[in-house]
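Subject: Structure handover

Hello,

Here is the structure I said I would pass on. My notes on it follow below.

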Amino acid sequence: MDTAASTSRQEIRCDDCGQNRPGYDIVHFGSIEKGYRQLCSRCFNTEVAKATGMEGFEHAAFDSIALSDCNGENHEFHFRSRLLVSGIALDAFELRDGNPAGYLFQIIGDAGEDQFALFGRLVEKMRRALSVKHLNNDDYGLQISDQGIVRGRIESDESPDGGLPLLVIDGREIGWEQFGQMLMTYEGSQFKLTIADKSEEL
Ligand SMILES: [Zn+2]
């Protein structure tokens with residue numbers, strides 16, 4: 001499979017445990033004075049737990065899972081966790097060319113929270129999100145669905161004529177101009193824009 005091949009091409013060796021891990025699982029850890037090390041999530045979380053006195057913390061690694069959306073299309077999700085000073089962030093994402101792309105979800109739990117319980121809450125959140133489509137294809141191409149609600153993620157457009165937001169809606173990339181054309185169906189209407197952290201649920 002293409003994805004797997006490109007993932008393995010981008011593997012980076014963890015400076016602590018020496019294992020080769022995909023690029024998305026590596027954190028640059030350290031400071032300008034002391035220098036940086038490339039650590040896998042497990043070693044990074046273990047270091048943070050040690051530094052913050054979280055005795056007994058054990059990193060839980062989660063295998064990838066496939067979830068289907070409301071159109072019956074399967075999405076393969078990978079997971080990574082990051083221990084923060086005040087909690088733990090668990091991310092779920094799809095991969096394209098070995099990098100996180102498409103649907104991306106995050107949940108933040110308390111530092112002491114059971115990681116499997118947190119994982120369960122994240123999967124429920126993912127299921128809720130995958131059960132809704134905000135865009136649909138009609139005779140005029142991709143359009144905002146009848147509910148008139150769009151949820152998505154703001155990314156940056158890295159194409160040569162970038163500098164504009166690239167939106168990820170229903171796990172697909174939508175250019176700013178393309179989105180503008182979809183809005184023209186609603187000329188004369190009002191709209192409300194809410195921006196929230198990726199760990200929040202809209
Ligand atoms: Zn490691």
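I start with Asp170, which sits in the loop between strand E12 (165-169) and strand E13 (172-175). Please keep in mind that this is a predicted model. Asp170 has a relative accessible area of 8%, so it is classed as buried. Its phi is positive, near 55°, in a residue other than glycine.

Asp97 also has a positive phi near 55°, and it too is a residue other than glycine. Asp97 belongs to the loop between strand E7 (87-96) and strand E8 (99-109). With a relative accessible area of 54%, Asp97 is exposed, whereas Asp170 is buried.

Leaving out neighbours within four places in sequence, Lys133 touches Asp69, Cys70, Asn71, Tyr103, Ser145 and Asp170. With Asp69 there is a polar contact between the two side chains, at 3.0 Å. Lys133 lies in the loop that runs between helix H3 (115-130) and strand E9 (135-138). Is Lys133 buried or exposed? Its relative accessibility is 19%, and the limit for buried is under 20%, so Lys133 counts as buried.

Strand E9, at the end of that loop, continues into a hairpin: 2 residues connect E9 to E10. The two strands run antiparallel and are joined by 4 bridges, with E10 covering residues 141-144. One of the pairings is that of Asp138 with Gly141 in E10.

Next is helix H2 and what follows it. The buried residues of H2 are Ser41, Cys43, Phe44, Asn45, Glu47, Val48 and Ala49. These buried residues pack against three strands: E3 (26-31), E4 (35-40) and E6 (74-84).

Thr52 is in the loop between H2 (41-51) and strand E5 (65-68). A polar atom of the Thr52 side chain lies 2.7 Å from the backbone oxygen of Val48, and Val48 is itself one of the buried residues of H2. Thr52 has a relative accessibility of 35% and is therefore partly exposed. The C-alpha atoms of Thr52 and Ser86 are 9.6 Å apart, although 34 residues separate the two along the chain. Gly53, which follows H2, has a positive phi near 70°.

Leu193 comes in the segment after helix H4 (176-183). Its relative accessible area is 66%, so Leu193 is exposed.

Finally, some values for the whole chain:

- The chain has 4 helices and 13 strands.
- Of its 202 residues, 37% are buried.
- Along the principal axes, the C-alpha atoms fill a box of roughly 55 × 35 × 35 Å.
- The chain exposes about 12,700 Å², of which carbon and sulfur atoms supply 47%.
- Of the contacts between residues at least 6 apart in sequence, 42% join residues at least 24 apart.

Regards

Technical notes
Residues are numbered from 1 along each chain as its sequence is written. This is a predicted model: local features need pLDDT of at least 70, side-chain atom pairs count only at pLDDT 80 or more; totals for chains, interfaces and linings use all residues. Side-chain values use heavy atoms; hydrogens and water are left out. Buried means under 20% relative accessible area, exposed over 50%, partly exposed in between (1.4 Å probe, protein chains only). A polar contact is a pair of N or O atoms within 3.5 Å; within protein, one must be able to donate a hydrogen and the other to accept it, and residues adjacent in sequence count only if both atoms are side-chain atoms. Contact means heavy atoms within 4.5 Å. Two strands pair if DSSP finds at least two bridges between them. Accessible areas come from the Shrake-Rupley method with a 1.4 Å probe; for residues, only the protein chains shown count as cover.
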